[in-house]
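Hi everyone, thanks for coming. Please take a look at the structure on the screen, and I'll walk you through one part of it.

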Amino acid sequence: PAERAAASLKEYEQVKVKKHTAASSLREYERMIARKQLEKGSKKDKDTEGEGTAKIITPDEANTPTMSAASNKTQRWSSLLKLASWTPDSQKNSLTDEDRHVIIKNELSHMAFEPYCTHSKKGSPFESNCLDMLQEKPKADAVANFIFWLANLDTFTQQLFIMERIRACKRLTEITRSHNTAHFRGYVMPFICKDNDIGHQMKDIRICKHSFMRLLRIGGDIMRTLQNHVNNGTTPTKKMNNLEPYWRKRYNEIIKPPLDLFFQQRLFPLTAAHPKLSGVHELDSDWSKRKVYGFYCNAIGYEVKTDAGGKTKLEDIEGFPPSEKREACSWRTFLRYWTKEHPNLRVRSKPKGDGGNSNNNGSSGGGGTRGKKRKAVTTLDVSDPQRLPPLDVYW
């Protein structure tokens with residue numbers, strides 16, 4: 001039985017490998033057919049240039065990237081056209097508006113000549129292509145004008161526009177009660193056109209969700225996020241660069257004013273000017289930054305205590321006037337404030353030899369070796385044996 005089970009398992013694995021190989025070959029064959037049709041469409045478009053079809057113009061084909069329909073990483077139009085807010089001015093000025101229109105039309109022509117739409121997540125093809133009408137030059141120009149207008153908007157405005165189109169598609173799906181939601185053509189083709197005839201033709205054209213995402217270069221994660229906002233009745237968070245963060249506002253309004261008052265009124269009167277360096281003030285050597293922090297906490301109504309683990313805790317001082325009490329900062333914030341606001345304020349270093357109580361030998365304490373001076377090493381005169389030191393000195 002064990003041998004039969006092993007043989008059947010081996011046969012199953014072989015069949016599985018064959019099916020996987022066949023599926024891979026089928027996908028490669030479909031990609032090859034789509035590539036050939038795209039090349040034929042490009043050649044046909046070059047032959048019939050100026051006869052009502054979209055013209056493929058590439059100002060710099062090497063620098064013009066193409067996007068796969070099933071790609072998870074989608075570069076936005078604003079980044080591709082170098083119109084984003086974070087793009088340096090040197091890169092923005094490298095392209096003119098005409099060059100940007102050429103890049104847009106080139107991308108639209110690639111989308112128009114593909115044989116079918118592709119699922120944005122799974123990569124599976126559908127029966128038809130929703131963007132085949134872009135093979136006509138006037139319609140492609142109208143869509144290109146809209147994409148250029150959309151790329152110049154900020155991200156928040158673009159998200160609001162996409163959410164409005166998602167709401168319209170959702171209402172249309174509920175009205176028609178369509179069961180084919182995967183390839184349901186519920187999104188209106190976006191365009192900007194001055195010709196009334198082209199406008200009447202374009203307003204009735206609808207495309208599927210996957211073609212809409214590819215046309216506007218929307219990734220799957222962003223589309224799901226915007227759909228959740230539509231379903232929940234919320235809006236995306238707009239990033240305001242001119243707003244001050246909460247922690248900085250709290251520091252500037254609550255923490256920093258008591259620190260400024262303490263340093264100016266209580267600490268600087270205790271300092272003395274440095275004898276050699278101009279603009280430098282020094283505290284006495286009995287002070288330390290830890291002592292100054294404790295002095296600051298006592299001035300605003302707190303007492304610094306350290307537990308057995310070395311952690312600093314602040315406790316309220318009993319009987320301290322509530323009107324004079326302020327919010328204390330942490331030890332780390334105190335050090336950062338001192339370094340940034342008062343870099344020329346320092347603690348005077350202790351004099352040499354002042355390391356503790358003196359011992360019997362006249363040297364300072366703290367182990368008996370820190371304050372001692374090393375004896376100078378001299379050469380010994382070995383010619384006179386009486387001048388040699390005793391033996392215990394060597395040991």
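Let's start with H9, which has 13 residues and reaches 18 Å from its first C-alpha to its last, close to the 18 Å expected at 1.5 Å a residue. That expected span is 1.5 Å times one less than the number of residues. Helices here are DSSP runs of H or I with at least four residues, strands are runs of E with at least two, and both are numbered from the N terminus.

Before going on: this is a predicted model, where local features need pLDDT of at least 70 and side-chain atom pairs count only at pLDDT 80 or more, while totals for chains, interfaces and linings use all residues. Residues are numbered from 1 along each chain as its sequence is written, and side-chain values use heavy atoms, with hydrogens and water left out.

Which residues of H9 are buried? They are Met223, Leu226, His229 and Val230, where buried means under 20% relative accessible area and exposed over 50%, with partly exposed in between, for a 1.4 Å probe and protein chains only. Seen down the axis of H9, the buried residues fall within an arc of 120 degrees, so they line one face of the helix; the arc uses directions from the helix axis to the C-beta atoms. On the other side of H9, Asp221 and Asn232 are exposed.

What covers that buried set? The cover includes H6, strand E1 (185-188) and helix H8 (209-216), with contact meaning heavy atoms within 4.5 Å.

Finally, just after H9, Gly233 takes a positive phi of about 75 degrees.
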